[in-house]
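Hi there,

Here is the structure I promised to send over.

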Amino acid sequence: MKLLYIPLLCIVFLYSCKDSPTQQKQKSPEPDSTSNNFIWQIDTLGSQGSDFSDAWGTGPDNIYAVGFIYDPEPGNYGTCVMHWNGVKWSPMNLIAAMGTIYGFSDNDIWVGGSDGVVYNPHAVAYHWDGKTWSKYDIGFLYGIEKFWGTSSKNLYAVGGEGIIMKYDGTKWNSMASNTQQLLYDIWGTSDSDIYACGGNDDNGSGVLLHYDGKTWMTLYDQNTQSNGSNPVGYAKSLWGFSKDNYILSPWGGSFQGSVKKWTPIFPPKGNTFIEAIRGTSAKNYFLLGDFNLIIHWNGKSWKRFDQFYKQAYNDNLYSLLVFENEVFIFGATSGGIGYKAIVYHGKMVY
């Protein structure tokens, strides 16, 4: 589990911007697919030691990103939350060890992480009401890995040792998960259809849970590798676009389906592990992996962006935010300049 530690002095600045060559336009896709053609812009922010770990937003010109943005200049202060308005990034003045974010509107946003204590860190969440940040001590060890929910009266958080918490609008309550495995991600289509996944990347042990509105059911909790027809093993992320259609990529394969049935799918990822999966529909989603792996599914075919994959300097890409015609990918660059926060911005073209 990744913990972020915030120094006393940090500030955020847009550092540089570079464009990859514009790709040749292609003809409009069929009605049940989108384009696989994107032009990309890459921005770096902050000084050495900075990164972005997660993001949420309502559109390409309204994005909130969390991470550790740092500049060691004396007298400067910083934030773990930045806002993008379509033109520039601006700090939101919260200094805390936050690694994930989820929201419902500009005045209803949650960020989560840990209290920053090296030994026995406790989960902490902050809520933004449009004017101020309010702190919530969630009450369990380790940090919050991910949020998902339908509103701030039905908000779920997952973290270490199988922890699942639900916020009912007044307080955080613990839910029985029946696992001790670290839960990395949570996603659902309703309050009665939610999945959580995780595990241990050291030994491949993994877990997949499903919530039907009453109880969390264990779909698997073991380190056995997949037999090729059902998912099993360590999984960092999942995402769904309808009740019976989720995308999951644990050790041993990638799959589409649900509790009822899983079907193997074959994105061109090789042996690269998938870090994040997000999209907008069955014809527009991305898989993000190690070694700058970025893959898009357009409803008909896969596209791996080989101008980034396994290049000389590999960035650490942690999360992505997908809109109808644009995608934002967040992480840290190691491209010969020391770690700085990085954003890949892709625009779909036809």
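The partners sit 92 residues apart, aspartate 54 in strand β3 (residues 51-59) and lysine 146 in strand β11 (residues 144-151). Please keep in mind that this is a predicted model.

A second salt bridge joins arginine 278 to aspartate 185, and here the closest N and O atoms are 3.0 Å apart. Arginine 278 belongs to strand β23 (residues 274-281) and aspartate 185 to strand β15 (residues 183-190), so this pair ties together parts that are 93 residues apart in sequence. Arginine 278 has a relative accessible area of 13%, so it counts as buried. Aspartate 185 is buried too, at 1% relative accessibility.

Then there is lysine 260, which forms a salt bridge with aspartate 244 at 3.7 Å between the closest N and O atoms. These two lie in loops, lysine 260 between β21 (254-257) and β22 (262-265), aspartate 244 between β19 (238-242) and β20 (245-248). Lysine 260 is exposed, with a relative accessible area of 70%, while aspartate 244 is partly exposed at 33%. In total, the structure holds six salt bridges.

As for the chain overall, it has 29 strands and zero helices. Of its 350 residues, 54% count as buried. The accessible surface comes to about 15000 Å², and 49% of that belongs to carbon and sulfur atoms.

Notes: Residues numbered from 1 in each chain as written. Predicted model: local features only at pLDDT ≥ 70, side-chain atom pairs only at ≥ 80, totals over all residues. Heavy atoms only, no water. Helix = DSSP H or I, 4+ residues; strand = E, 2+ residues; numbered from the N terminus. Buried < 20%, exposed > 50% of the residue type's maximum accessible area, 1.4 Å probe, protein only. Areas by Shrake-Rupley, 256 points an atom, 1.4 Å probe, with all protein chains shown as cover. Salt bridge = Lys/Arg side-chain N within 4 Å of Asp/Glu carboxyl O.
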